[in-house]
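The sequence and the model are shown first, and my notes follow.

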Amino acid sequence: MQHIAVKELVGENAMTLDDGEAIFNQIHDPLARGETVELDFDGVEIFASPFFNAGIGRLLADFQPDILNSHLIFQHMSALGDRVLRRVIENAKEYYAAPTEQRQAIDRIVHDNAVAA
Amino acid sequence: MTVLTISVPRINDQLSDFSTLASIWRQVMDAGDGAEVHFDFSRCDFLRPNAVVFLGGLARLMQQRGGVPRFLSGTMQNWVRTNLLQNGFAAAMGENVSSWSGNSIPFREDPWEDKTAIVDGYLKPLWLGKGWVNVSRLLTNAISGQMWEIYANAFGHGESPVGALSCGQYFPKRHELVLAVADFGVGIPSNARLHGNPNFTGKEAMEWAFYPGTTSIPHSTGTPRGMGLDLLREFIRVSQGVLAIYSHDGYARIDGSGEIYQNLPAFFEGTLVQVTLRCDDTYYSLSNEVDSAPYF
């Protein structure tokens, strides 16, 4: 089992897409190898949705929910962090449930828009 | 060089006040790049923080386009002058003066996303940590996380050329603690039209942006995003506060009694958010219950 102390990677505030990306990079490959990952939020005080979107929601692109339920363990999560995480997962499931073509079309529009801006 | 003088009247935080700000934005845009704009405050006896962040952001936008903003301090009435000195706006705009704390939450500019500076250096100590609202450390963290959603929208979705600007004020007689955040980016309705329906009106776009599950704005790398506004709405309703958002042609107001979404008659290219917290005996709480159901 892999134990990852979130505070050591992102500090006390787990809020940004970059924070989430740092977590994603640590947990994706072990999960892909079938290992169990324990994400320990001890000492993390503030949570916001961009962090969970990039760190956890994205996992649903590659893993089935039952695999994540059995192989990804959240420890020392505050009540608010728990609520934000659950909403983000709900949102991510809808996003990844959309047909691939539709997601690709949305991603392409966002990318083009960002470049134009 | 074009020189334009704009008269700034009293600006509060109603829809009509927003129209005034949008009108000022339009005049500045119409003056074109490189214009010198004088802001005359002789008709102004009150400015809310929403006006302060708006004018500050507009000044930076002008400067980026080679323009010269001048805030005519000699035209300011005492209250306005004191307010702009106290909250640091005058110093930020180039005056050699010092700010002081008082009842202001300082004018702040964040050209880029800096979570530590904004949360640990501003929201927690200067907005929530001065004893104006009774919140525990845990709740301070929770509210800060919710407020971060506004900044995340400004930096992540907004593509704002001037980043995010913040300013607040404690109004003891009104028992209100106000924080305003502005950006001059692509706005919430534009994003909603891209990802929802290109034919959305401003009202429909704002409704869509607040609706759970539909704010899935993906990152270019395929990351699901969104949810921030929905979570913030939930906190505001529970805490009996007020959240008002003006963005391009859409308006949303959330408070304890309900939600209002409207088309805005006046357009401006950006987003202006104002959060008002009650400073009376309001019981700020969030559920401590942790759901035991599987996450995924």
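**Entry 1: the strands of chain B**

I looked up B:Ile6 and found that its bridge partner in β2(B) is B:Phe39. I note that the model is a predicted one. This pair belongs to a set of five bridges that join strand β1 (residues 3-7) of chain B to β2(B), and the two strands run parallel. Between them the chain passes through helix α1 (residues 15-31) of chain B, and this β-α-β crossover from β1(B) to β2(B) is right-handed.

A right-handed β-α-β unit is made by β2(B), helix α2 (residues 49-64) of chain B and β3(B). I recalled that strands of a sheet pair through backbone hydrogen bonds.

Why is strand β2 of chain B largely enclosed by the rest of the structure? Five of the five residues in this strand (residues 36-40) are buried, so the rest of the structure largely encloses it. Buried here means under 20% relative accessible area. In a regular strand the side chains alternate between the two faces of the sheet.

**Entry 2: helix α3 of chain B**

Which residues of helix α3 (residues 78-86) of chain B are buried? I listed B:Val80, B:Arg81, B:Asn83, B:Leu84, B:Leu85 and B:Gln86. The elements that cover them include α2, α4 (89-92), β4 (104-110) and β5 (164-171) of chain B. Just after this helix, B:Gly88 has a positive phi of about 90°.

**Entry 3: the sheet of chain A**

I turned to chain A and found an open sheet of three strands, in the order β1-β3-β5, with parallel pairing. The strands β1 (2-5) and β5 (72-75) of chain A are at the edges with a single partner strand each, so one side of each has no neighbour in the sheet. From one strand to the next, the twist averages 20°.

Four bridges join β1(A) to strand β3 (residues 37-40) of chain A. In this pairing A:Ala5 stands opposite A:Asp40. Helix α2 (residues 17-32) of chain A lies across β1, β3 and β5 of chain A and runs at about 160° to β3(A).

How values were computed:
Residues are numbered from 1 along each chain as its sequence is written. Chains are lettered from A and ligands numbered from 1 in the order in which they are written. This is a predicted model: local features need pLDDT of at least 70, side-chain atom pairs count only at pLDDT 80 or more; totals for chains, interfaces and linings use all residues. Side-chain values use heavy atoms; hydrogens and water are left out. Two strands pair if DSSP finds at least two bridges between them. Axes are lines fitted to C-alpha atoms, for helices over the stretch in contact, and angles run from 0 to 180 degrees between N-to-C directions. Contact means heavy atoms within 4.5 Å. Buried means under 20% relative accessible area, exposed over 50%, partly exposed in between (1.4 Å probe, protein chains only). A crossover is right-handed if, with the strands pointing away from the viewer, the path from the first strand over the helix to the second runs clockwise.
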